[in-house]
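Open the model in your viewer and keep the selection tool at hand. The tour below goes from one selection to the next and says what is found at each.

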Amino acid sequence: MTHVPEARAGQVKLGLVIDLDTCVGCHACATACKEWNTSGHMAPLPDFSPYGAAPDGVWFNRIHSYEAGEGVDGRTIHFPKSCLHCDEPACVTVCPTGASYKRAEDGIVLVNADICIGCKLCSWACPYGAREFDADAGVMKKCTLCIDRIYNENLDVVDRVPACVQVCPVGARHFGDLGDSASPVSRLVEERGGFDLMPEMGYRPVNKYLPRRDPADPFTPGAPPACETRGTGAASVTDPEPMPGAANPVLRWLDRILSL
Amino acid sequence: MHPAFSIIFFTAASGIGYGLLAIAGLAAAFGLLPESRSLAITATVFALALASAGLAASLLHLGRPERAWRALSQWRTSWLSREGVAALATFAPALGFAAIWAFAGDAKVLLGVAGLLTFGCCVVTVACTAMIYASLKPIHAWRNRWVLPNYLSLSLMTGGLWLAALIRLWGFRAIAMEVFCIALVALAFALKEIYWRHIASKPSGTDIASATGLGRYGRVRAFEAPHTEENYLLREMGFRIGRKHAARLRAIARSLAFIIPWIASVFALFAAGPAGAASLLIAALAASLGVTIERWLFFAEARHTVTLYYGRDDADAGASSRA
């Protein structure tokens, strides 16, 4: 059904928080996404002429790089972009077949490839370019938030996170319930001044972006995140214990190593 | 937006077909339709064939055309679904109207009622077509109040010109309808000019700064794209048309869709016999071709917000839409 389900009290909204301060633009998240999803829920993710002059294919996650500001204040910012699992997903409501839907239980936006007619209207309705057409199968494909990982009981609990989050070498990607204001990801957004992309469009994206930490930047207090949200699966999105000596990077690193 | 031939043909041809049926229905309600079985059959079959060909062409755009029937299910939220339902449902009153006009043309009241019903259904169908585009927020050139009146007036104008031409070819005259068509051409022209002015003057309010949220650091430029080659997003939504071509095509669309049909149909008012019929036929043909070019521009000139992420719109925003 292309009705967007009514949000209930305490609605779970699974999504990603992407830290633009720590992202180094390595494209590992895009590669890991492709690797997992080409045999996952929306499989395959076809490639056309992968070794030719003009390779082309379906990717759920793409990493842009921008320059912002001038001179000494200029910055290079790497910018991963995938489906934002919006609260007002026009990609769902425009779908004429009901193939596009938003899950009531966790807010994940999915495509039922068995009934999609490949009209491409959803990709026109998405301001973010999150949906890509699979010319082989004739249907639309998109990020599933690794729905086949986050609830996968065959995986260890720490692995029940999207592939992009698990692989990120700098911990720039965080996964959790953004509907719960007390969740680690929500607190991270709160503390770091996380923002929406194109808020003026009114799609109310669930995924948030964290601005660069910069003492001179009025938008960020410059504090490190209060908690570590990497590797906390949907099944165990809980408030982690406060880390000892959170301000000391060596102790933080030790804490992380010992927590593995 | 990529100007796909299947969609341009769909919106133009079905617009003409439903427009012709709508004007015929309206003319019937005012008692302006001549009684002629062969004219009735020719006009309605021509209109329904155009509408059907348009719908068939729209299927060519689908990745899985064999599943097209599923598109009729989500009319509660989807304008595309509503369009499909309305387009098919309109065939019922249209066929009834055609049968009455062809075989019971003297039953004026019945013909008028069926005509009005057909008119209403056709207008709803064309309105749904327009709303498919007018409902898309990421496309500034489409998400505005002028798209719906544009689609309706162009559909009624082209359909009306075809009906007027057919009536003349059959040797009848319906002066009131011809005058109505001349007024429609002028109205459609004015609405299209207003639309063009609107998209050139009104900023979208979205730019690379709000798309990335990086405007807080100063001017934002795309430094590196995620991929070296064109991908689906850029092919489908990053279509670029040269400013010169846009201006030239707009001039051609203006001439073919509005200026030539208006002059030819005014001329036809004062010309009896074959000259009048020929000039109305020229008006209808020119308008159809002109609307097809107009529709190509409607797609080609429309910019999608996804191109902002590729840094494509900041330098020449709105440039190609000024002509």
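This is a predicted model: local features need pLDDT of at least 70, side-chain atom pairs count only at pLDDT 80 or more; totals for chains, interfaces and linings use all residues.

Now keep β1 (residues 14-19) and β10 of chain A. The two run antiparallel and are joined by five bridges. To find one of the pairings, select A:L14: its bridge partner in β10(A) is A:D177.

Next, select strand β4 (residues 62-68) of chain A together with β1 of chain B. Here the pairing goes from one chain to the other: four bridges join β4 of chain A to β1(B), and the strands run antiparallel. Select A:A68 and look for B:V220 in β1(B), which stands opposite.

How many residues of chain B are in contact with chain A? There are 50 of them, and they meet 53 residues of chain A. On the chain B side, the elements giving two or more residues are α3 (79-89), α8 (208-212), β1 (220-224) and α9 (232-237). Of these, β1(B) gives the most, with five residues. Coloured by residue class, the side of chain B that touches chain A divides into 20 nonpolar, 19 polar and 11 charged residues.

For the last stop, stay in chain B and select helix α1 (residues 5-29) and helix α2 (residues 37-60). Their axes are 7 Å apart, and the helices pack at an angle of about 155°. Angles over 145 degrees count as roughly antiparallel, and α1(B) and α2(B) are therefore roughly antiparallel to each other. Their crossing is left-handed.

Show the side chains where these two helices meet. From α1(B) come residues including B:F9, B:F10, B:I16 and B:L20, and from α2(B) residues including B:L48, B:L50, B:L55 and B:L60. The residues of this contact divide into 18 nonpolar, five polar and no charged.

Notes. Residues are numbered from 1 along each chain as its sequence is written. Chains are lettered from A and ligands numbered from 1 in the order in which they are written. Two residues are in contact if their C-beta atoms, placed from the backbone, lie within 7 Å. Ala, Val, Leu, Ile, Met, Phe, Trp, Tyr, Cys and Pro count as nonpolar, Asp, Glu, Lys and Arg as charged, and the others, Gly among them, as polar. Two strands pair if DSSP finds at least two bridges between them. Axes are lines fitted to C-alpha atoms, for helices over the stretch in contact, and angles run from 0 to 180 degrees between N-to-C directions. Angles under 35 degrees count as roughly parallel, over 145 as roughly antiparallel, 65 to 115 as roughly perpendicular and the rest as oblique. A crossing is left-handed if the near helix is turned anticlockwise from the far one by less than a right angle, and right-handed if clockwise.
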